[in-house]
Amino acid sequence: MKRWISFLLAFSFLCLAGCGAPTVGDVGTSGQIFAMDTVMNLTLFGERAESALESARTEITRLEQLLSRTREESQISMLNAHAGDGVEISVESDLAGLLAFAKSVHQALPGCFDITIAPVMDAWGFTKDAYRVPGEEELAELLELVNSEDLLVDEQASTARLARSGMELDLGALAKGFAAGRVQAAIQAEGITCAMLDLGGNITALGSKEDGSPWRVAVKNPQDTGTYVGVLSLTDATASTSGGYERYFEEDGVRYHHIIDPKTGAPAQSGLLSVSVISPDPLLADALSTALFVAGEEEALDYWRQSEDFELVLCTQDNRVVVTQGLEESFRFDGEELGYTYEIARR
Amino acid sequence: MRLPAAERRRPGPGDGIIAALVIAAAVVLLLLLRPASGDVLTATVLLDGAQVGQYDLSGVEQSFLLPLEGTAYPVVIELQPGRVRVAESGCPSQDCVHTGWADSPGEQIICLPNRLVISLSGTDHPDFDAVTG
């Protein structure tokens, strides 16, 4: 009998211990970094995660010093300071490549993407958080300075210059994507094959989760950012989202958001609330999320139909979630209760 | 006098009662000690990456305002049963105030000028690893 009772006691306490304890697993090595006007949360898995995280921090610091236009010593600030004076500015080779890429997006989607938009951003106060509504004449004058064709880049010589005085560059529309790609390369060089890089809501999923399943990335509801229109299953891909809800101010009852249409100089009114671009290329995802938000649904889907290297989740002002065909199996729509209808765009 | 082995090992009615009580106690403890599903929500407040406070929102019984110390701009957070928000901020962008209430595990409120992050976690784990947007 004593053995029987002992067995029961042991069994019961084993049950208690097992059920009450928190789940133990590898939660990875995480770090939080404030840089590029955002918060970055990096979670890395693997034996060399600690040193890889340090490499990531070093790379982000380097990029911030390179790309920021509010740091006087950055190469972007140098380019801006010498606008129109004919001086070729030597830049890092990866910055020359980035500027050339920005020009290529400008050419692919004319009027939807322009990194020379900085003077207009300043006029709205989005650079220094000193918001105001500029007048039409002021905007018309500033728009004269906006044209990426007057950004001259020599990738071979690693030099660049702005052709006209008063022009300025702002890389806010692609800096996080560029950083994600560079951080990904840095940690992969340390042998990391499994990581989640959250650069201010631009999510890069490296590899799959440790159990082999895809990373699950929720897409914010632009009308209530505490809820989600759906969940993406991602492996080796970036999801980058642009939406007017991210940064805005209100004046006289009107809301003005921070994504400026280079054609009008005013916040883009394209009928979209948010655009998420999913691509293996973090830089492409970041740049296109801004460009296609400005472009609007029809042009965005036309551009997607001509391309092979990205997919889209569009949230429209008339409460539709439009997902491109390539995500049909990897997107779970959760927006019905939020008042959205669901559509799949096909080629 | 020693009983034969077979007779000594045979359980009596009293033994059965003891065994039943042990099992019942185990089940009761199991129910009492297991984490309650979905009803524990914690707000962790980080300033420049360092934790400055942690609040059990499921234990909050009435609304209260909490001014934060050590921030670049004055910030007041408001705690209510099951949710938290930045009620006031002296920061220029006001993005943190615009975020509104956060009430689910995985949500974050961020005030960049103050390098402030309020993160929610809980026993009711979200079924995603990250959020884009």
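Which residue is the bridge partner of S90(A) in strand 5 of chain A? Let us walk up to that pair through the model around it. This is a predicted model, where local features need pLDDT of at least 70, side-chain atom pairs count only at pLDDT 80 or more, and totals for chains, interfaces and linings use all residues. Residues are numbered from 1 along each chain as its sequence is written, while chains are lettered from A and ligands numbered from 1 in the order in which they are written.

Of the 347 residues in chain A, 45% are buried, and a residue is called buried if 20 or more other C-beta atoms lie within 10 Å of its own, exposed if 12 or fewer, and partly exposed in between, with C-beta atoms placed from the backbone. Taking the contacts in chain A between residues at least 6 apart in sequence, 61% join residues at least 24 apart. A contact here is a pair of residues whose C-beta atoms, placed from the backbone, lie within 7 Å.

Back to the opening question: the bridge partner of S90(A) is T159(A). Two bridges join strand 3 (89-90) of chain A to strand 5 (residues 159-162) of chain A, and the two strands run antiparallel. Two strands count as paired if DSSP finds at least two bridges between them. The pair belongs to an open sheet of three strands in chain A, with the order 3-5-4 and antiparallel pairing. Strand 3 and strand 4 (151-154) of chain A are the edge strands, each pairing on one side only. Helix 4 (residues 93-108) of chain A packs on this sheet and touches strand 4 and strand 5 of chain A, and its direction makes about 130° with that of strand 4 of chain A. Such angles run from 0 to 180 degrees between N-to-C directions, with axes as lines fitted to C-alpha atoms, for helices over the stretch in contact.

Now step back to the domains. The assignment for chain A gives domain 1 (28-69 + 172-207), domain 2 (74-162) and domain 3 (214-347), with bounds that come from an automatic or database domain assignment. The centres of domain 1 and domain 3 of chain A, taken over C-alpha atoms, are separated by 23 Å. Their contact takes 16 residues from domain 1 of chain A and 16 residues from domain 3 of chain A. On the domain 1 side, helix 7 of chain A gives the most, with six residues.

Which way does helix 7 of chain A run relative to helix 8 of chain A, roughly parallel or roughly antiparallel? Helix 7 (residues 175-188) and helix 8 (residues 282-295) of chain A pack at an angle of about 170°, with their axes 7 Å apart. That makes the two helices of chain A roughly antiparallel, since angles under 35 degrees count as roughly parallel, over 145 as roughly antiparallel, 65 to 115 as roughly perpendicular and the rest as oblique. Among the residues that meet are F178(A) and A180(A) in helix 7 of chain A, and L283(A) and A285(A) in helix 8 of chain A.

A218(A) lies in strand 8 (residues 215-221) of chain A and is buried, with 24 other C-beta atoms within 10 Å. Leaving aside neighbours within four places in sequence, A218(A) is in contact with Y228(A), V231(A), F128(B) and V131(B). A218(A) and V231(A) are 13 residues apart in sequence, yet 4.2 Å apart in space, C-alpha to C-alpha.

Finally, chain B has an open sheet of three strands in the order 3-4-5, with antiparallel pairing. The twist averages 30° from one strand to the next. Strand 3 (residues 64-68) and strand 4 of chain B pair over five bridges, and they form a hairpin with six residues between them. Strand 4 and strand 5 (residues 83-89) of chain B pair over six bridges, forming a hairpin with two residues between them, where G82(B) in the turn has a positive phi of about 80°. In a regular strand the side chains alternate between the two faces of the sheet. Strand 4 (residues 75-80) of chain B has V75(B), I77(B) and L79(B) on a covered face and V76(B), E78(B) and Q80(B) on an uncovered one.

Conventions. Helices (H or I, at least four residues) and strands (E, at least two) are DSSP runs, numbered from the N terminus. Two residues are in contact if their C-beta atoms, placed from the backbone, lie within 7 Å.
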